[in-house]
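Let's walk through this model together, one piece at a time. Have the sequence and the 3D view at hand as you read.

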Amino acid sequence: MIQLDVHTHSISSGHGTACTIADMAKAAKKQGLSLLGISDHGPATLCAGTPSYFKNLQMAPKMRCGIRMLYGVELNILDYSGRVDLEHGILSGMDYAVISMHTKNIVPGNMLENTNAYIGAMEKPKVRIVGHCDDVKFPVDYKALAEAAAAHHVMMEINNTSIMPGGYRGNTIENNIRMLYQCMRYEVPVLLSSDSHGPKNVGNVKGSEILLNACREVFDFPDWLVMSYDAERFLEYIRADKSGRS
């Protein structure tokens, strides 16, 4: 059973999501989680949080409804060099950051361009998670991505929203399998995420777990690489510096 869900969104992500952080915490409590991370979209997303919103989150309560809270951001990658939409000073005060590519913020490039964009963004402060890099519109070199993730102390995400039938990222199953295989080769930790926009799917990673179980059978993916089952281990990981030192 997972202990944490740290790729989630509140009303401050826009998209018509009409729930508060407290609503998300109540849902996490109901699902039996011990740790919840709010990762609202960065300012380049239409109607998302402003830089001042993310700066103010640094003073938000660390406990809500009996749930330990983290406050992060889902950064938008803006170009193929890995430029993102929050400046270093604000990013450095966040608990963690997810890096993602969205078509409204960057035109999909070729495999080399997309891969370089992710790798460049990995260097930014507090970046600890590569978000939904399974999107078929953004082909990437998973070997190069996993090698860079290992070097930059960044984990890879299995995004449950991507795997659900009819998802707008296309048929992502094969991409996730390729990603997991390279994560195993380079010992890159993986995270199971709901990417829930609102309380309904907080903690829901059923599709991700089915996929992970299949990979355990095919190429013996090791359980110790899955960060979602141990909140304390996850916290230790994100608090370490880019070299992995605590």
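What follows is a tour of helix packing and then of pockets.

The model is predicted, so to speak from a record of its own: local features need pLDDT of at least 70, side-chain atom pairs count only at pLDDT 80 or more, and totals for chains, interfaces and linings use all residues. Helices here are DSSP runs of H or I with at least four residues, and strands are runs of E with at least two, numbered from the N terminus. Helix α4 covers residues 111-122 and helix α5 residues 142-152; they pack at an angle of about 5°, with their axes 10 Å apart. The axes are lines fitted to C-alpha atoms, for helices over the stretch in contact, and angles run from 0 to 180 degrees between N-to-C directions. That angle makes α4 roughly parallel to α5 (under 35 degrees is roughly parallel, over 145 roughly antiparallel, 65 to 115 roughly perpendicular, and the rest oblique). From α4, T115, Y118, I119 and M122 meet A144, L145, A148, A149 and H152 of α5, where contact means heavy atoms within 4.5 Å. This contact has seven nonpolar, two polar and no charged residues. In this scheme Ala, Val, Leu, Ile, Met, Phe, Trp, Tyr, Cys and Pro count as nonpolar, Asp, Glu, Lys and Arg as charged, and the others, Gly among them, as polar.

Helix α5 also packs against α7, at an angle of about 45° and with axes 9 Å apart. By class, that gives six nonpolar, two polar and four charged residues.

Now follow α7 to its contact with α8. Helix α7 (residues 173-186) packs against helix α8 (residues 206-219) at about 55°, with the axes 11 Å apart. That makes α7 oblique to α8, again with a right-handed crossing. I173, N176, I177, L180, Y181 and M184 of α7 touch L211, L212, C215 and F219 of α8. Nine of these residues are nonpolar, one is polar and none is charged.

Finally, turn to the pockets. On a 1 Å grid over the protein atoms alone, a pocket is an open set of points where a 1.4 Å probe fits, with protein on both sides within 12 Å along at least five of seven lines, and lining residues have an atom within 4 Å of a point.

Of its 17 lining residues, H153, E187, P189, M227 and Y237 are the closest to its centre. The elements that give two or more residues to this lining are α5 and α9 (231-239). The lining divides into ten nonpolar, three polar and four charged residues.

Methods:
Residues numbered from 1 in each chain as written. Heavy atoms only, no water. Left-handed = near helix turned anticlockwise from the far one by under 90°.
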